[in-house]
Amino acid sequence: MTDSTKPAATLTLAGSNKSLSLPMLDASIGPTVLDIRKLYDTLGVFTYDPGFGATASCESKITYIDGDAGVLLYRGYPIEQLAEHSDFLEICYLLLNGDLPNATQRDEFNRGVMRHTMLHEQIRRFWDGFRRDAHPMAVMCGVVGAMAAFYHDSVDITNEEHRRIAAFRLIAKVPTIAAWAYKYSIGQPFIYPRNDLGYAENFLYMMQAVPCEDYKLSPVLAKAMDRLFILHADHEQNASTSTVRLAGSTGANPFACIAAGIAALWGPAHGGANEAVLKMLAEIGNKKNIPEFIRKVKDKNSSVRLMGFGHRVYKNYDPRAKIMQKTCHEVLNELGIKNEPLLDLAVELERIALEDEYFVQRRLYPNVDFYSGIILKAMGIPTPMFTVLFAVARTVGWVSQWKEMIEDPSQRLGRPRQIYTGPTQRDYVPVGKRA
Ligand code: ACO
């Protein structure tokens, strides 16, 4: 990473004669990074960067985003090409192993993952402890974390084979857990996985089939779900991935780390956004109400945000949103939905926002979640399951990033510092003597 021929930056503290040479670390693409690891030891100061907007927390070879240009690459391949030509299991191989598989490697990998789709039968009993109206993300956090209690032969993080099997188990079993979380909420029997189906197809089968009827799925809808999984598979050091890495840096087992990632994904600023987009569209209700809604979004005294818009990294159109918009039309067409009021509303909302100075100035564009909710709703997926689907897709990204971190010799326990602004040292006062 370090290029010794490059001049380093020099940092001199004002009012002090101390200075530090900061080596520049070269990325293969993207901004150069200043290495501040010696900062505290040499100058006795920390850096301040809440939200980590200017801090690289790790070295990674998995995913690259150019937020200004609206570019997303998995292992160097543009997301547009992968969404068009690849499938989700091939993306899993790519993210985990670094390259696309040849035909033999692909078949072996697919078989390897798909034979882990069943859950230990005792895990099934967990559901009896959940309320029927539990949010499926609560079930996901609980059951994925509990996998560590069952699969003891894949929790030794120092053992490469354990890591490989844990990765397979997580990728293969999260769709089963997700589908069962849904089945439980509607009181239908659990449907066991079918390993002869594709990954997305099997997931939809477990969600939608019932034992008393034949189940037929349109290939267009299976493809749409597979594409949605591809688009959500990884996104470099976002909040949930950073959570997984931080938990993993302590040496915690992979099931616990991924459960931590699921918890971080749950929030409306992250994975909960597509659920929030649908709620927002329902609240707006009609195109004529858009100007009033936009007025509220722009009002500094209101906390209303245009959900599905804006991104910490993309200051241009999120490339995933473009693919989502196209997929949205394909799905509605396949389902024979000629007129979807929510889609009309979303398109109009996007048009108005993209012309509005407030959004233009702040470089706020639609993100991946703006259209995904409409697709999922049309496919009959209930709103509380939206974030769950995101978790299913992102599991491979989390696992790949976790594995990369464990295999990185420079990885250390994650431990941010702070700027303390609380009281200075003071003496304890017995309760009777306090004012
Ligand atoms: N609606 C209205 N204003 C917004 C929005 C929005 N969606 N997003 C950002 N802004 C405004 C902020 O109010 C702020 O304005 P100011 O400079 O006048 O104070 C400015 O744009 C910068 O916003 P920040 O919150 O500082 O940007 P940040 O990078 O922290 O936020 C985030 C990114 C959380 C995604 C934000 O854009 C947001 O809340 N969007 C809506 C939720 C959403 O769609 N999340 C999904 C993200 S994609 C994903 O996780 C898959």
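**Cysteines and aromatic rings**

Q: How many disulfides does the count come to?
A: This is a predicted model, in which local features need pLDDT of at least 70 and side-chain atom pairs pLDDT 80 or more, while totals for chains, interfaces and linings use all residues. Residues are numbered from 1 along each chain as its sequence is written, and side-chain values use heavy atoms, without hydrogens and water. With a disulfide taken as two cysteine sulfur atoms within 2.5 Å, the count is zero.

Q: Which cysteine has the sulfur closest to that of cysteine 141?
A: Cysteine 141 is buried (under 20% relative accessible area, with exposed over 50% and partly exposed in between, for a 1.4 Å probe and protein chains only), its own value being 19%. Its sulfur lies 14 Å from the closest cysteine sulfur, which is too far for a bond, and that partner is cysteine 257.

Q: Is cysteine 212 buried or exposed?
A: The relative accessible area of cysteine 212 is 67%. This residue therefore counts as exposed.

Q: What kind of pair do the rings of tyrosine 151 and phenylalanine 255 form?
A: Among the 19 aromatic pairs found in the whole structure, where centres lie within 6.5 Å and planes under 30 degrees apart are stacked, over 60 edge-to-face and the rest tilted, this one has its centres 6.3 Å apart. Its planes meet at 45 degrees, so the pair is tilted.

Q: What are the relative accessible areas of tyrosine 151 and phenylalanine 255?
A: Both residues belong to the tilted pair. Tyrosine 151 is buried at 7%, and phenylalanine 255 is buried at 0%.

How values were computed: Rings of Phe, Tyr and Trp (its six-membered ring) pair if their centres lie within 6.5 Å; planes under 30 degrees apart count as stacked, over 60 as edge-to-face and the rest as tilted.
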